[in-house]
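Here are my notes on the model, as numbered points. Please read them beside the coordinates.

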Amino acid sequence: MSRTVSSWILTSARNRIVLQGKGRLYSLCIPNRNKIKWKLVFSKTRPCPVGSCSLDNTFSLKSFRHTSTEEEHFSFQLSPSQINEILRAGELSHKILDLNGKSANSVLRFESNQLASNAPIEDRRSAATCLQTQGMMFGVFDGHAGSACAQAVSERLLHYIAVSLMSRQTLEDIEFAVECMKPVQPILQWHKHPNDVEYQEITSQYFESLRVYWQHLLDLDTELGFSLEEALTSAFKRLDSDISLEVQAPQENELMRNIALQVAFSGATACVAHVDGVHLHVANTGDCRAVLGVCEEDGTWSTLPLTRDHNAFDEFEIRRLKREHPRCEDKTVFVNDRLLGILMPTRAFGDVQLKWSKELQQSVLENSSDVEALNIYQYVPPNYHTPPYLSAEPEVTYHKLRSKDKFLVIASDGLWELLSNEKVVQLVAGHLTELNAQKPQLAFEKPVNLGYMHSLLLQRKNRRVASLDQNVATHLIRHAIGSNEYGEVDQEKLAAMLTLPEDLARLYRDDITVTVVYFNPETIESYHRNN
């Protein structure tokens, strides 16, 4: 690479102060840019150099790693195939088929991917088909202060939603099977990436908590059950309550105790879409986002946001939180565009530091093992007077799908910080058009022989654009981290963003998780014709 370090690195580095503390790297961003969820300020900190430029003929960066004083040299040279290998490692795609091999579902397929900035990545994703009810669910979960809460929520929330949607008879059948120690019919069919992990050690506790929840639903003694909006809200709130209760309960198993601590004292935002026929519900807690791509009659594309960012920049959230606390706290609820000066999202799972009383926090942590080894930070913000300040209650949006609604994009804020809603829809629409253009019409001439078939296959292979990502989520991530000021992918910038050491990567981008759901226009159109 012939150019020196790009100006985007130099500019962003000048705008940051990097602090050392307890072997970790923390960033305080001077402009109003949210690059980390939690801002941890230590009393004994000192600035250290982020990096300096090597003015040779390669794209490189010199830096002092925060765990040592030894100068290190980082080279940002990657081949196109290496870039593709990194970008495509987390790809997941699934096509929805019925027994006849044709898609009768309103969901045609979905494609997903994620790219880490934190080590390990704090984002999670989920996708599942409901087996005891109707519909499909897709979720994106953005963790902060660690990945523990996002991991737990990604494993558990869809189960809570599915149970909330079950009929009374189905719940009674499941409870009877458990009581008689008989096999329980599966609730969900998961669509997972091979590298997706689970908390196997705590599965039994998670199941018991879920069972207590459906027993509670049976005790409600209502035949009608929940509406979908009520089911989503109930599931979100109940899971967050269980996360809080599980860490307070006596636990002899130290491993399970430590996992419960890490889950409760970290946090996660969540955005879940439930699709059943033409009925689309989106439940959102925090600053993940869901956006619908709409193809108008004249062929132009428009954007329909289905969520609202719950953060310190949203006027509705600011007013809501000020209403929930005494007027004397009006000036301290939000400090430096963060909740209590700490957290950017105003709704989240976990984060019991902003939900419990000081006394409860102290009691739980005093009875725990080495909390510092678990990366649990005992920090009570000033002006912490009337908790809870944080809630996991979702905002639920309903949309009736139309044949012109082509796809839904759900992503963590790592994508939306880099690309606007309109740009994301434009990129997905363009990708869809290019993929369709790559599919040649195979017109067979009679008689068909092997040589003729071989010729057609070669034509098809030659028409394929090798550089085009088949997975649209990868396409979005590539543009998010590699686009220049003209909207074109700059290979040099892309290589730099993918090879930054973990100490520095978080200063330039967040974890990114994207799921794109494509709808079946024929199924949707058929529904509207028949109704």
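1. Which residue in β9 is the bridge partner of R124? The partner is F141. This is a predicted model, in which local features need pLDDT of at least 70, side-chain atom pairs count only at pLDDT 80 or more, and totals for chains, interfaces and linings use all residues. Residues are numbered from 1 along each chain as its sequence is written, and side-chain values use heavy atoms, leaving out hydrogens and water.

2. Strand β8 (residues 123–130) pairs with β9 in the antiparallel sense over seven bridges; pairing requires that DSSP finds at least two bridges between the strands. Strands are DSSP runs of E with at least two residues, helices runs of H or I with at least four, both numbered from the N terminus. Five residues separate β8 and β9 in a hairpin, and G135 in the turn has a positive phi of about 115°.

3. β9 is also joined to strand β11 (residues 267–276) by nine bridges, again antiparallel. There, H274 in β11 is the bridge partner of M137.

4. Nine of the nine residues of β9 (residues 136–144) are buried, so the strand is largely enclosed by the rest of the structure. Buried means under 20% relative accessible area, with a 1.4 Å probe and protein chains only. M136, F138, V140, D142 and H144 point one way, while M137, G139, F141 and G143 point the other.

5. Elsewhere, R478, I481 and G482 in α13 meet K493, L494, M497 and L498 in α14, contact being heavy atoms within 4.5 Å.

Methods. Buried < 20%, exposed > 50% of the residue type's maximum accessible area, 1.4 Å probe, protein only.
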